Amino acid sequence: MKDKLYGYDIDGVISKNIQVKFPYVIISGRTFKEYDKFVKQLAQNIPVYIRGVGEYGDRIHAGEFKSQIINILEVSEYYEDDPAQANIIKLNCPDCKVIMVN
């Protein structure tokens, strides 16, 4: 049996200082323009996957990007705060449990 891998969004999830489960990765819908000091600090200790391209606020593209990475890495649980992106992930990642963070 494969070990679980947990995934977390940054804005509205990691930024809220929630208790994370190990091992984990961060998968963000941020673009490279939004790759700020906070993300660089996170990336020193944790794998961080950034959408990189696209328009700021494009929730559909962000959700699709996250889905691709979740499937590639075989993430077991993903923590998200945006309902639109959570729905896209649920549709595209049937083997991943999506947990909404308020």
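Which residue in E4 does glycine 7 stand opposite? That would be tyrosine 78. Keep in mind that this is a predicted model.

E1 and E4 pair in the parallel sense, over three bridges. They belong to an open sheet of five strands, ordered E3-E2-E1-E4-E5 with parallel pairing. E3 and E5 sit at the edges with a single partner strand each, so one side of each has no neighbour in the sheet. From one strand to the next, the twist averages 20 degrees.

| Helix | Lies across | Angle |
|---|---|---|
| H2 | E2, E3 and E4 | about 155 degrees to E2 |
| H3 | E4 and E5 | about 170 degrees to E5 |

Now for H3 itself, which spans residues 83–92. Gln85, Ala86, Ile88 and Ile89 are its buried residues. Looking down the axis of H3, you'd find them within an arc of 160 degrees, so they line one face of the helix. They pack against helix H2 (59–73), strand E4 (77–80) and strand E5 (97–100).

On to the cores. The largest nonpolar core has 15 residues, and Tyr8, Ile14, Tyr24, Ile26, Leu42, Val48 and Tyr79 touch the most other members. Strands E1 (6–8), E2 (24–31) and E3 (48–52) and helix H1 (37–43) each supply at least two of its residues. A second, separate core has 13 residues, including Val25, Tyr78, Ala86 and Cys93. Back in the largest one, isoleucine 14 touches residues including Tyr8, Val20, Ile26, Phe38 and Leu42, leaving aside residues up to four places away in sequence.

How values were computed. Residues numbered from 1 in each chain as written. Predicted model: local features only at pLDDT ≥ 70, side-chain atom pairs only at ≥ 80, totals over all residues. Heavy atoms only, no water. Core = buried A, V, L, I, M, F, W, Y, C linked by side-chain atoms within 4.5 Å. Buried < 20%, exposed > 50% of the residue type's maximum accessible area, 1.4 Å probe, protein only. Helix = DSSP H or I, 4+ residues; strand = E, 2+ residues; numbered from the N terminus. Contact = heavy atoms within 4.5 Å. Arc of directions from axis to C-beta. Pairing = 2+ DSSP bridges. Axes fitted to C-alpha atoms, helices over the stretch in contact; angles between N-to-C directions.
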